[in-house]
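Work through the following exercises with the sequence and the structure beside you, and try each task before you read its solution.

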Amino acid sequence: MIRFLKALRCALEGIGYGVTTQRHLRFHLIAGSLALIVGTFKGLAIVEWMVLVLLIAAVIAAELFNTALEAVVDLVAPEYHPLAKAAKDAAAGAVLTLAFAALVIGGLLFCRS
Ligand SMILES: Nc1ncnc2c1ncn2[C@@H]1O[C@H](COP(=O)(O)OP(=O)(O)OP(=O)(O)O)[C@@H](O)[C@H]1O
């Protein structure tokens, strides 16, 4: 139980680190919260709620992975390196891909008649 609580604390500290240092993560948190509020007023079905929550969690998790990768890259390659650029750009591209999919699916969920 103590081990679990320690692991939970570390995970929460990781989220806290992301929230305090990454403006993109804060943006996604605000956008996700707004989507939840709009979803409440739209009266989404259970499956639609599942899709929405999964999408929000996926985007936030991707942003946290991006944060982790940035930290590791900065640790091992504080100077300019083309591979450091490739790693960071690819991670940013992954977040962008997921965020774009979330935007499209969110739009479809909220704009349905
Ligand atoms: N060590 C490096 N070597 C080469 N290019 C780098 C390096 N560090 C950052 N870059 C380039 O600068 C871009 C921005 O990197 P940075 O670490 O500032 O992350 P970020 O995308 O600005 O994230 P955030 O603004 O959310 O902190 C990277 O996508 C990459 O193209």
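**Exercise 1.** Which helix gives the most to the shell around the ligand, and with how many residues?

*Solution.* Bear in mind from the start that this is a predicted model. Begin by listing the residues around the ligand, which are Gln22, His24, Glu70, Ala77, Tyr80, His81, Ala84, Lys85, Lys88, Asp89 and Ala92. Next, compare this list with the helices: helix 4, which covers residues 82-111, gives the most, with five residues.

**Exercise 2.** Describe how helix 2 and helix 3 are arranged, and state which residues bring them together.

*Solution.* The description of two packed helices rests on the angle between their axes and the distance between those axes. For helix 2 (residues 23-42) and helix 3 (residues 46-76), the angle is about 175° and the axes are 10 Å apart. Angles over 145 degrees count as roughly antiparallel, and therefore helix 2 and helix 3 are roughly antiparallel to each other. On the side of helix 2, the contact is made by His24, Leu25, His28, Leu29, Gly32, Ala35 and Gly39, which meet Trp49, Leu52, Ile56, Val59, Ile60, Glu63 and Thr67 in helix 3. By class, this contact of helix 2 with helix 3 has eight nonpolar, five polar and one charged residues.

Note on methods. Residues are numbered from 1 along each chain as its sequence is written. This is a predicted model: local features need pLDDT of at least 70, side-chain atom pairs count only at pLDDT 80 or more; totals for chains, interfaces and linings use all residues. Axes are lines fitted to C-alpha atoms, for helices over the stretch in contact, and angles run from 0 to 180 degrees between N-to-C directions. Helices (H or I, at least four residues) and strands (E, at least two) are DSSP runs, numbered from the N terminus. Angles under 35 degrees count as roughly parallel, over 145 as roughly antiparallel, 65 to 115 as roughly perpendicular and the rest as oblique. Two residues are in contact if their C-beta atoms, placed from the backbone, lie within 7 Å. Ala, Val, Leu, Ile, Met, Phe, Trp, Tyr, Cys and Pro count as nonpolar, Asp, Glu, Lys and Arg as charged, and the others, Gly among them, as polar. A residue is near a molecule or strand if its C-beta atom, placed from the backbone, lies within 6 Å of it.
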